[in-house]
Number of protein chains: 2
Amino acid sequence: MKLLEDYIKKYANVPNENVLKVDCFLNHQIDTNLMMEIAKDLKEHFKNKKITKIVTIETSGIAPSVFLGYLLNVPVVFMKKNNSRIMVDENYHTQVHSFTKNKDYDLIASKKYITKDDSILFIDDFMANGEACLGAIRIIEQAQAHLVGIGIVIEKAFQEGRKKVEEAGYEVYSLARVQSLEKNKVQFVDESN
Amino acid sequence: MKLLEDYIKKYANVPNENVLKVDCFLNHQIDTNLMMEIAKDLKEHFKNKKITKIVTIETSGIAPSVFLGYLLNVPVVFMKKNNSRIMVDENYHTQVHSFTKNKDYDLIASKKYITKDDSILFIDDFMANGEACLGAIRIIEQAQAHLVGIGIVIEKAFQEGRKKVEEAGYEVYSLARVQSLEKNKVQFVDESN
């Protein structure tokens, strides 16, 4: 998505070859017009899929997801990250390892809001190692819901996430695919071809 | 706001006289059409104010805020809750006590995204004891930004939040004001007059 790549080029901060900070339009401050454009792109890409629900993970997946939910006229469910290991029967839960923070957390969703009748589009702000996405997939599979697609705003294509998710049997659609962050500079996949 | 009150009457869960659970349209599953209607109501209420930025608190304040930000064509900044007490010079931070969880957390916002040039509308999903709102006010005041208004989706009017925030010198506009949760039933302020 050209507009998103332009935003990343213009506003992202690259402190080192592994970290891409987009606090100024996605992860702390949110550019609401950009979120709507992201939602329109995702709607167009998944237009042939029957979607009954958007699922995302708190916190930064929520903004693009709610615009997409509005455009598709479906609800959004955000999975919660929990460090306290409260295991409640009414929730699905799975353990996820965060490489960024080097710790585990529980990903949780209520059994009421993800069911076998749902056709789910999973949306997240970032994909790197794919651990969060795989955790979300495990919960969606526990619920016996149908996962119709995965939409990612920014993919760090030099990490293993896409490979692992594709090996699990799911396609990944990313709006921006970062090939490299070397020399404090963002290079996209399509630029390196 | 009639539509919101209807949603609360129809979908809210009232396990006891202090707890109002609206997981099914606001705090876990998000009704995106309702969020847009909430944003339209807030836009109308604050139409005479100059607003350069919406500020909210993660997580459940984000959905109504991004629709309002879109309608007003301004960015949204969500303050982060942090338990790890990382004090970084580039952030404003203040300590907030959560009565719900009976613990303290740090509320954090980057100095880059709240500045003295901003005219801020603060939005949150709930107001009960007002501690989160007062924390947000302290950060906005630290930043010497101008706080032009406070919009709350659901106010537990039988708790002290509004009184404390008004004593701090700010007006509160709430879309639904809950007077009582006694006998597992929601009663709104306007119904009890």
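The points below are grouped by topic, after a short note on conventions.

This is a predicted model, in which local features need pLDDT of at least 70, side-chain atom pairs count only at pLDDT 80 or more, and totals for chains, interfaces and linings use all residues. Residues are numbered from 1 along each chain as its sequence is written, chains are lettered from A and ligands numbered from 1 in the order in which they are written, and side-chain values use heavy atoms, with hydrogens and water left out.

**Helix 4 of chain A with helix 4 of chain B**

- Helix 4 of chain A and helix 4 of chain B, each covering residues 62-72, pack at an angle of about 70° with their axes 9 Å apart (axes are lines fitted to C-alpha atoms over the stretch in contact, and angles run from 0 to 180 degrees between N-to-C directions).
- The two helices are therefore roughly perpendicular to each other, a term that covers angles of 65 to 115 degrees.
- In this pairing A:Ile62, A:Ala63, A:Val66, A:Phe67 and A:Tyr70 meet B:Ile62, B:Ala63, B:Val66, B:Phe67 and B:Tyr70, where contact means heavy atoms within 4.5 Å.

- A:Lys53 is buried, with a relative accessible area of 8%, whereas B:Lys21 is partly exposed at 34% (buried means under 20%, exposed over 50% and partly exposed in between, using a 1.4 Å probe and protein chains only).
- The side chain of A:Lys53 reaches the backbone oxygen of A:Tyr113 at 2.9 Å, and the residues that A:Lys53 touches include A:Asp118 and B:Gln29.

Terms used. Polar contact = N/O pair within 3.5 Å; in protein donor to acceptor, adjacent residues only side chain to side chain. Helix = DSSP H or I, 4+ residues; strand = E, 2+ residues; numbered from the N terminus. Parallel < 35°, antiparallel > 145°, perpendicular 65-115°, else oblique. Lists of a residue's contacts leave out its neighbours within four places in sequence.
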